[in-house]
Amino acid sequence: MTTPLENAGRVLREFAGKKILLTTHVSPDGDALGSVAGMGRIAETLGCEVRICMVSLVPDYLSWLPMPWPLCRGLEELGDWKPDLVVAVDCGDERRPGPELQSLLTSGLPSLNIDHHLGNPEFAVYNWVEPDRAATAEMVGILAEHLGIPLSGELGRAVFLGLVSDTGNFSFTNTSPEVFALAARITAAGLDVGEFSETYENTWSLGRMHLWGKMFGDVSLHHAGRTALIVVPQKLLDRFGQRRSALEGFAAWLRRIKGVRVGVFVREDGPGRSKISLRSMGDVDMRAIAAGFGGGGHKAAAGAEIALPPREAATAVLRAIEAALAAPGLPEQVM
């Protein structure tokens, strides 16, 4: 019996030399873009004609990542170009790339879903879903090796980006021995980690630095110091002239406060709507809480979109977290 990895490799070999459309979720992070870029390199090596379609713009802090293929934000921009295969990476369900791509992925056109989110419904014609993987980019790297493609150059760089993004620079609980081994193989293939870190880390604008300074000052503690909360209205981004991508990574910092088990990041997402990001040390199930609001993710990191203004959304989420913190085995107060 073939494994999902072997099936994914077989599909790509069958479509070698053909037209492949790549996509990922809205508001892409390092794992999403690293996975897209990595898959682009794999497809290119197989002689495919590559296009990328993403609803969201590439965030400023990742604009250095090479995307040497035509990139569009809607299918109409493809014109007469029709894909033979659609590949979705890092999408927990078929809705994550946006309505247009959702329709394409469920149209019966050959499609491949590569993802590491728990609860992925395997929405494509071909599916490879492994929730135990730290990052979708980890799977992309393994797929490249399975196909005999070296993890060198821009392919290795893209996979490495996804690894550091979804493991918090190899500091989260999902950082497995397999992740370290893959990172070691990438560096052995020629990646300059110092140069990569310089490019990845040192991309901030002064406006983003000032924005984060204000947000750090606005953090509040709840549940006897076990929950840290930040609420970000759109006017705060406007004040510092920043896009939403400037907020990436802040949620993880909330866990750095001594005694905090859960970090809650709430930002305004349009009139009467909010986007929440939840982080824990892995002992409180963030995915279960996010699922209660129609979202999803992982045990230590999850999110959801809520049809409430930011402050009301924060109140609702804090109530749900309070119940989760009542589970045995968690400290009752800051030590």
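**First stop: a pair of cysteines.** Select C72 and look for its sulfur atom. The closest cysteine sulfur belongs to C53, at 3.3 Å, which is too far for a bond. Keep in mind that this is a predicted model, so the distance is a computed one. A disulfide is a covalent bond between the sulfur atoms of two cysteines.

**Next stop: the largest nonpolar core.** Select L12, M39, I42 and L143. Of the 52 residues in this core, these four touch the most other members. Now highlight helix α5, residues 153-166: it gives the most to this core, with seven residues.

Stay with L143 for a moment and show its neighbors. Leaving aside residues up to four places away in sequence, L143 touches L5, A8, G9, L12, M39, I114 and W128. Then move on to a second, separate core of 20 residues, which includes V262, V266, A314 and V317. In soluble globular proteins, nonpolar side chains tend to be buried together.

**Last stop: the surface.** Select W204, L206 and M209. They form a nonpolar patch there, with about 330 Å² of accessible area together. M209 sits in helix α8, residues 206-218, and is partly exposed, with a relative accessible area of 48%.

Notes
Residues are numbered from 1 along each chain as its sequence is written. This is a predicted model: local features need pLDDT of at least 70, side-chain atom pairs count only at pLDDT 80 or more; totals for chains, interfaces and linings use all residues. Side-chain values use heavy atoms; hydrogens and water are left out. Patches are made of residues with over 30% relative accessible area and no salt bridge: like charges are joined within 9 Å, nonpolar side chains (Val, Leu, Ile, Met, Phe, Trp, Tyr) within 5 Å. Accessible areas come from the Shrake-Rupley method with a 1.4 Å probe; for residues, only the protein chains shown count as cover. A salt bridge is a side-chain nitrogen of Lys or Arg within 4 Å of a carboxyl oxygen of Asp or Glu. Helices (H or I, at least four residues) and strands (E, at least two) are DSSP runs, numbered from the N terminus. Buried means under 20% relative accessible area, exposed over 50%, partly exposed in between (1.4 Å probe, protein chains only). A nonpolar core is a set of buried Ala, Val, Leu, Ile, Met, Phe, Trp, Tyr and Cys residues joined through side-chain atoms within 4.5 Å. Contact means heavy atoms within 4.5 Å. A disulfide is a pair of cysteine sulfur atoms within 2.5 Å.
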